[in-house]
Amino acid sequence: MSQTLVPTNSTNGAVKHSNGTPNLLASASQAKFWRRAAPKKAKEAPESKDSPWKKHLQVRKTLKSTELYRRTLSQSPLGWGLNRESLAPTTLALLKANDESLKAGKSGLKGKSLRRAETAVQSWLKDYRELPQSFDAALASLAVARILPEVASDLDGEIWWQALDALYETAVAASSWQTDLDLPPEKTLAQQLVAGELPLTLAYLFPEMKPLHDLRSEARERLTTNLEEVLNGEGLCHGTLLTVWRPLLASWTRSAIIGETFKKNAWSASAAAQYAWSVTQALRWTRADGSQLLAAKEVAWEKDFVATMLDLAGDAADRSAATESLGKKIYSDPKIKKNAALPETADRCEWAGLAILRTNWSRKAARVAVDFSGSAIQLEVSAGGRTLFAGPWDFGSEADGTLLRPTGTWEEVCWFSDEEVDYLELSIDLVGGGTLERQILLARDDDFLLLADNVMRPQADLITHTWSLPLAEGVAFEPNSETREGLLVSEKAIGKVLPLALPEWRVDPRGGTLVAEVEEDKPTQLTLRQQQPLEAICAPLFIDLNPRRAQKECTWRQLTVAESLETVSRDVAVAFRAQCGKDQWVMYRSLADTANRTFIGQNISSEFFVARFLAPEGEAEELIEIDGR
């Protein structure tokens, strides 16, 4: 695309393109273009190899990218939080050039490394106008910006200025972009990089030029807006952005480093608080291997990334959590005491459509990550340092043979978290009448997970409900040949699953099935099917997450629930007792209006109740009780 230069009387001495952005090389011949930090004769032949400007770039000490990222040693921070194999060849070449520049340090790029960097810059410059608004293209722009000071003395002068001009034009054009959570997540990420980080980077690397120096105010505003609109007020991103959360956090971290060199930092005080909270949240949402929950497994935490985040925004509690949960290979702070204070492990946000249930901060802690921001709930369950389930928690409900499709969005009904349990309940309306209420309970010390679907009042005589979860790679379900429970197995038993509402013994065929279903090119699904000739149905699974206990004998029973000395039907209220080894628990759920009811000597007037059951005393130690309706 050709550009037409037009004269201007701008105070910064800029000669402009026809689109209104200054042509930097043409403007550089004017004294008003330069700030005091520039060499006195900067306007003299700025494209020349021996120009005062090029010599200035070689000798200035504080603005080299190696100095800017002094906290890191192994690779360029542009590589944080991403899978390099997914990058386009030009972007990958530019990223490698930045890696080599970092390793070269003050001596700078030389020989083949320098020539590779120059070739990559020229390749980007040739096609930059045709590049889509994507993360890949945005990252390439940042990589060019960072490498330009390193190649200034060797790259053809006009090409160097054309590249800088292209970056400036890109940053100015992106200033009109608006954050929109309805856009694909990659668009939001690209906007953050090009409209926020890129102008901030240009303002830092080339403060001698007035047009580039002036970018910092706009960049600060854009970064502030981005942080405040994609995070929930406590550092948690919206569920639609989970796939790009790590790259977003990487961009914010790089921007925060640059912001330390500015009087007003990279963003407002409120945005700085958001960034600090996001560091804590990111630690919560981390698997045992360092990768992010509910995201691709290829990208784990880089050691430098974690250390820089905590250096910039982490407090003592964050450093304690990182030390306990990430392992010494990723992060370890020798100053942290064993009993140091830690952040809360669990959190949820209805606006974000996300919840994390977690027993503690150790690497092997049980974790349940829930994304209910879309029409289908995404669930990931891990325990003992490995993932058990990961993927969509699908369901299908029928009333008298008619499919009950979900309508609207998932709504949070209840959230509760204390020292005993984390509990989340969600609800969605069904077309044709009725509601599906979904329960997730993680018992911290007792090491079990309760998942339950409750189909309520679809005005039918027969309800059939099916729900399924994808088993993680390397995990299998081995059903017992005589009873309906089964083991979750990897190299060895890692958990046990009990279908509480189904008869224990297979000789009794009533009620439904619990099976592992295998389809080609799809993960194996653990599927629970139940059928009940009543107006409501409760379909629970009890998952024992203790591998030692899971290999011991287990049993469960459906308990009789009474109201006013009369047994109530199973569409009014249900209760169960489960035993694994010597440990026992009881669970109760009201499917109708709450009332004073009894089961095994327990008097209950609430909607939901779970307790340890102490035999032979028959006493119940409450884990959770929800009053409900």
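This is a predicted model: local features need pLDDT of at least 70, side-chain atom pairs count only at pLDDT 80 or more; totals for chains, interfaces and linings use all residues.
Guide: Residues are numbered from 1 along each chain as its sequence is written, and side-chain values use heavy atoms, with hydrogens and water left out.

Visitor: Why is alanine 476 called partly exposed?

Guide: Buried means under 20% relative accessible area, exposed over 50%, and partly exposed in between (1.4 Å probe, protein chains only). Alanine 476 has a relative accessible area of 35%, so the term is partly exposed.

Visitor: What does alanine 476 touch?

Guide: Not counting residues up to four places away in sequence, alanine 476 touches Leu471, Leu487, Leu488 and Val489; contact means heavy atoms within 4.5 Å.

Visitor: Why are α8 and α11 called roughly parallel?

Guide: Angles under 35 degrees count as roughly parallel, over 145 as roughly antiparallel, 65 to 115 as roughly perpendicular and the rest as oblique. The axes of α8 (residues 185-205) and α11 (residues 245-259) cross at roughly 15° and come within 10 Å. The two helices are therefore roughly parallel to each other.

Visitor: Which residues of α8 and α11 make the contact?

Guide: Among them are Leu189, Gln192 and Leu193 of α8, and Pro247, Leu248 and Ser251 of α11.

Visitor: What makes the buried residues of α2 line one face of the helix?

Guide: In α2 (residues 52-59), the buried residues are Trp53, Lys54, His56 and Leu57. Seen down the axis of α2, they fall within an arc of 155°, so they line one face. The arc is that of the directions from the helix axis to the C-beta atoms. What covers these residues includes α7 (157-174).

How values were computed:
Helices (H or I, at least four residues) and strands (E, at least two) are DSSP runs, numbered from the N terminus. Axes are lines fitted to C-alpha atoms, for helices over the stretch in contact, and angles run from 0 to 180 degrees between N-to-C directions.
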